[in-house]
Amino acid sequence: MAQVEVGENTFVAFATQPGNVTVDGTDENSPFTTALLKNVEIPGLSISDMMIRVRNETEALTVGRQVPWDQSNLREQFYFTEQQMLDPAQLSASLSRILSDPDAKKKLQIELASNDLQTAVLIVGQTLRSVEIPAPSGGSAEPVGTRVANLSSTESVAVARQSVVSGLETLIVGASAGEAEKDKAGDLARSIQTELRRLGCYRMQVDGDWGTGSIRALTDYYKNTKQIAPTTEPTVGLLGDLFLRSGRICKQPVIVKAKPAKVASDNGPSQTGPSRKAAKRAQAVPQRPIAPPPDISGGIGIGGVF
């Protein structure tokens with residue numbers, strides 16, 4: 001399939017790479033369509049991030065024979081499904097249930113390799129809807145989400161954050177117990193960058209390097225949530241706060257710089273008015289071609305004159 005000539009702010013998805021053919025598959029839908037339908041309605045997933053997931057899943061389903069491509073000149077991110085406003089109490093309860101199930105916890109760690117924390121919890125949580133997690137011994141049999149729901153809005157958020165931070169300590173920090181402190185800090189920073197990107201505040205590469213771009217994104221987050229920044233460094237408490245947020249917090253559009261005016265020469269001012277017309281006339285007049293060397297072959301054999 002050839003490149004499509006389209007206008008600006010357009011996204012074109014191809015089911016496979018150039019020069020290749022698509023795989024039909026054996027199910028009702030092709031591998032590409034199967035991956036697309038699985039990811040297109042994930043709340044708050046931009047079309048660019050969705051296509052990365054579709055590409056990876058299609059390649060896995062076809063054992064590397066088919067790699068979807070895309071052609072994009074988007075000026076800002078596009079979403080098929082807006083990010084849902086989720087209840088912090090339910091998010092906290094979902095995370096607690098997942099962490100209480102060893103198999104679900106492993107699935108969550110796998111999902112975290114390609115998703116932000118909130119999306120990973122939502123994906124894994126769907127598999128636990130019919131699973132009953134036994135109450136912890138020696139404590140109340142009432143689920144965390146029920147206890148939080150009975151509190152006021154402010155109290156429920158505080159309780160949910162406390163529960164989430166406790167769980168994240170074991171999930172992210174505890175999982176890196178054998179690593180150096182620098183590696184732990186990098187994993188935490190990477191998770192916070194991913195959550196900030198989900199909220200629309202971080203637009204750089206997620207690399208775990210907590211620099212000026214990350215600090216600027218965090219400052220933007222605090223500004224839009226009307227919070228006083230307690231610190232600009234990555235902490236588990238900050239990750240818990242970001243995890244419980246939903247929607248797009250930072251909604252500033254992408255700034256498009258105007259294209260610079262073209263100039264006729266790098267060494268002089270741009271041509272305008274009569275000068276430009278004179279230049280066009282000069283280009284229209286063809287230059288006289290250089291005379292070819294004389295053809296002496298015509299005199300050979302005629303009276304011995306060369």
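Of the protein's 306 residues, 33% count as buried (under 20% relative accessible area, 1.4 Å probe, protein chains only). Keep in mind that this is a predicted model, where local features need pLDDT of at least 70, side-chain atom pairs count only at pLDDT 80 or more, and totals for chains, interfaces and linings use all residues. Numbering starts from 1 along each chain as its sequence is written, and side-chain values use heavy atoms, with hydrogens and water left out.

**Overall layout**
- You get 11 helices and 2 strands, taken as DSSP runs (H or I, at least four residues; E, at least two) and numbered from the N terminus.
- Along the sequence, the pattern reads β-α-α-β-α-α-α-α-α-α-α-α-α.
- Among contacts (heavy atoms within 4.5 Å) with a separation of 6 or more, 64% link residues 24 or more positions apart.

**H3 against H4**
- Helix H3 (residues 88–100) packs on helix H4 (residues 102–111) at about 110 degrees, with the axes 5 Å apart; axes are lines fitted to C-alpha atoms over the stretch in contact, and angles run from 0 to 180 degrees between N-to-C directions.
- That makes the pair roughly perpendicular (65 to 115 degrees).
- On the H3 side, Leu95, Ile98, Leu99 and Ser100 meet Pro102, Ala104, Lys105 and Leu108 of H4.

**Ser214**
- Ser214 sits in helix H9 (residues 212–224) and is buried, at 2% relative accessible area.
- Leaving out residues up to four places away in sequence, Ser214 touches Gln193, Leu196, Tyr202 and Asp209.

Conventions:
Angles under 35 degrees count as roughly parallel, over 145 as roughly antiparallel, 65 to 115 as roughly perpendicular and the rest as oblique. Buried means under 20% relative accessible area, exposed over 50%, partly exposed in between (1.4 Å probe, protein chains only).
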